[in-house]
Amino acid sequence: MTSEVARHLLFQSHMPTKTTCPSSQVSDDEQKQKRENTRSLTMSGHVGFESLPDQLVNRSIQQGFCFNILCVGETGIGKSTLIDTLFNTNFADHESSHFFPHVRLKAQTYELHESNVRLKLTIVNTVGFGDQINKEESYQPVVDYIDAQFEAYLQEELKIKRSLFNYHDSRIHVCLYFISPTGHSLKTLDLLTMKSLDSKVNIIPVIAKADIISKAELQKFKIKLMSELVSSGVQIYQFPTDDETIAKINASMNGHLPFAVVGSMDEVKIGNKMVKARQYPWGVVQVENENHSDFVKLREMLICTNMEDLREQTHTRHYELYRRCKLEEMGFTDVGPENKPLSLQETYEAKRHEFYGERQRKEEEMKQMFVQRVKEKEAILKEAERELQAKFEHLKRVHQEERMKLEEKRRLLEEEIIAFSKKKATSEIYQNQSYMASGSNLKKDKDRKK
Ligand code: GDP
């Protein structure tokens with residue numbers, strides 16, 4: 001087992017990334033140049049670096065491994081039972097209801113030990129998946145969850161003070177996609193979900209509860225599912241065939257996909273052995289019997305043979321794609337104009353330059369807008385002032401006219417008063433005269449009477 005781990009570790013530490021990037025031509029040329037500059041020598045004695053694989057194995061064992069499985073499938077399709085059966089333990093996942101309003105992703109991490117190897121296993125379950133009327137509501141939370149784990153890792157990588165060594169990597173390494181054993185075809189939800197996940201995660205489709213479908217129907221169903229996946233352009237995980245030690249088994253297992261599985265933690269006595277099985281009135285379905293189900297194939301491929309490749313594919317293919325898109329979205333690029341390689345520093349300078357230019361343009365735009373606004377406001381104020389002035393002039397004129405009218409009235413009134421006073425004075429004189437005249441007449445009468 002140790003040599004197997006060493007082989008993987010060496011392969012991982014020396015393997016170039018499989019993703020293609022725009023600058024691949026440039027780096028290929030550079031690598032060719034470097035190879036030509038490297039001379040191969042033979043040593044005359046033992047040096048000791050042959051122990052490098054063992055050093056790596058020891059360090060990895062000390063560090064422990066981490067593996068994250070996402071189970072996507074309808075409620076009650078047998079996800080928890082299969083995971084329990086795969087890892088031969090009871091993860092005590094509670095039965096979930098069909099009545100959740102939204103799909104929720106529930107992650108639970110466990111620490112498992114086998115011999116001296118520690119495995120930090122995270123099982124992520126899609127609670128309520130397939131119970132929504134709107135299909136998008138079912139798969140979007142799954143997509144978002146996977147992206148969120150990539151984002152968390154990217155943020156850790158971008159930190160100045162990184163702690164990737166003891167970082168709990170929560171990126172999903174494999175998605176076990178549970179298909180109902182209908183014998184018909186894939187549901188729209190299955191196709192939509194797998195299509196939106198295939199560039200983000202390694203998908204291994206499994207036909208759940210394979211014991212409820214006949215052997216002949218199962219074969220036809222498998223062929224139909226694969227042709228539907230191919231015609232819809234869904235990329236499922238292919239067991240790698242580039243390593244000759246496992247190429248043959250992996251190639252043959254690729255031909256068995258999707259695996260038809262049966263899960264059970266119940267034990268039944270067969271002969272004198274206790275085996276995991278499902279007991280029915282008409283017989284017993286043995287989980288690990290390859291004539292009854294593909295469970296052993298799945299366990300072998302998932303855990304024993306390809307766990308490291310799944311982890312590696314997650315990092316070099318899916319995470320790399322996420323990271324590349326994210327960095328490109330942020331404006332980083334490997335090549336500048338005319339396809340010249342661009343360093344991070346140059347990209348940063350160019351971005352800063354672009355940012356300052358943009359800021360200046362915005363400032364200028366704002367200034368112009370401000371001046372324009374001020375002009376508009378000034379024009380409005382001037383118009384209001386002009387209107388007020390006109391109103392004032394009008395009122396002043398009215399007031400003047402009014403005053404002149406009043407002046408005229410006063411003058412007439414004063415003339416009337418003068419005329420009246422004159423009349424009054426004349427009448428008083430006249431009155432006095434008549435009074436005096438009547439007084440002298442009265443005296444004459446009196447004198448006569450005497
Ligand atoms: P989950 O909601 O998808 O996690 O489903 P569970 O694992 O809780 O299983 C729901 C029911 O299906 C339980 O009664 C299981 O015993 C049963 N079940 C699980 N696996 C199988 C299987 O392979 N075949 C059959 N016939 N039933 C199964």
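1. Let me start at the ligand, where a polar side-chain atom of Lys209 lies 3.1 Å from an oxygen atom of the ligand. I use polar contact for a pair of N or O atoms within 3.5 Å; within protein, one must be able to donate a hydrogen and the other to accept it, and residues adjacent in sequence count only if both atoms are side-chain atoms. Gly263 brings a backbone N or O atom to 3.0 Å from an oxygen atom of the ligand, while Tyr280 places a polar side-chain atom 3.1 Å from a nitrogen atom of the ligand. On its own the ligand exposes 580 Å², of which the protein buries 75%; accessible areas come from the Shrake-Rupley method with a 1.4 Å probe, and for residues only the protein chains shown count as cover.

2. A word on the model before going further. Please keep in mind that this is a predicted model, in which local features need pLDDT of at least 70 and side-chain atom pairs count only at pLDDT 80 or more, whereas totals for chains, interfaces and linings use all residues. Residues are numbered from 1 along each chain as its sequence is written, and side-chain values use heavy atoms, with hydrogens and water left out.

3. The ligand is surrounded by 15 residues, the closest being Gly76, Lys79, Ser80, Thr81 and Asp211; a residue is near a molecule or strand if one of its heavy atoms lies within 4 Å of it. H4 supplies the largest share of this shell, with three residues. Helices (H or I, at least four residues) and strands (E, at least two) are DSSP runs, numbered from the N terminus. By class, the shell has four nonpolar, six polar and five charged residues. Here Ala, Val, Leu, Ile, Met, Phe, Trp, Tyr, Cys and Pro count as nonpolar, Asp, Glu, Lys and Arg as charged, and the others, Gly among them, as polar.

4. With 38% relative accessibility, Lys209 counts as partly exposed; buried means under 20% relative accessible area, exposed over 50%, and partly exposed in between (1.4 Å probe, protein chains only).

5. Two other backbone details are worth checking by eye. Most residues other than glycine have a negative phi, and most peptide bonds are trans. Ser115, in the loop between strand E2 (104-114) and strand E3 (117-127), has a positive phi near 50° and is exposed, at 72% relative accessibility. Leu257 and Pro258 are joined by a cis peptide bond with omega about -10°, and Pro258 is placed in the loop between H8 and E6.

6. The aromatic rings come next. There are eleven aromatic pairs, where rings of Phe, Tyr and Trp (its six-membered ring) pair if their centres lie within 6.5 Å, with planes under 30 degrees apart counted as stacked, over 60 as edge-to-face and the rest as tilted. One of them is the edge-to-face pair of Phe87 and Phe91, 6.1 Å centre to centre with 75° between the planes; both Phe87 and Phe91 are buried. Phe239 and Phe259 make a stacked pair, at 6.0 Å centre to centre and 20° between the planes. Phe239 lies in the loop between helix H7 (215-231) and helix H8 (244-254) and Phe259 in strand E6 (residues 259-260), so this pair ties together parts that are 20 residues apart in sequence. Phe239 is buried at a relative accessible area of 2%, and Phe259 is buried at 0%.

7. Ring pairs link Phe150, Tyr153, Tyr167, Tyr319 and Tyr322. The charged end of Arg171 sits over the ring of Tyr153, 3.5 Å from its centre, and Arg171 also lies over the face of Tyr319, at 4.8 Å from the ring centre. A charge sits over a ring if NZ of Lys or CZ of Arg is within 6 Å of the ring centre and within 35 degrees of the ring normal.

8. Finally, two buried residues. Ser264, in the loop between E6 and strand E7 (267-270), is buried at 2% relative accessibility, and a polar atom of its side chain lies 3.1 Å from the backbone nitrogen of Asp266. Ile204 belongs to strand E5 (residues 203-207) and is buried at 1% relative accessibility.
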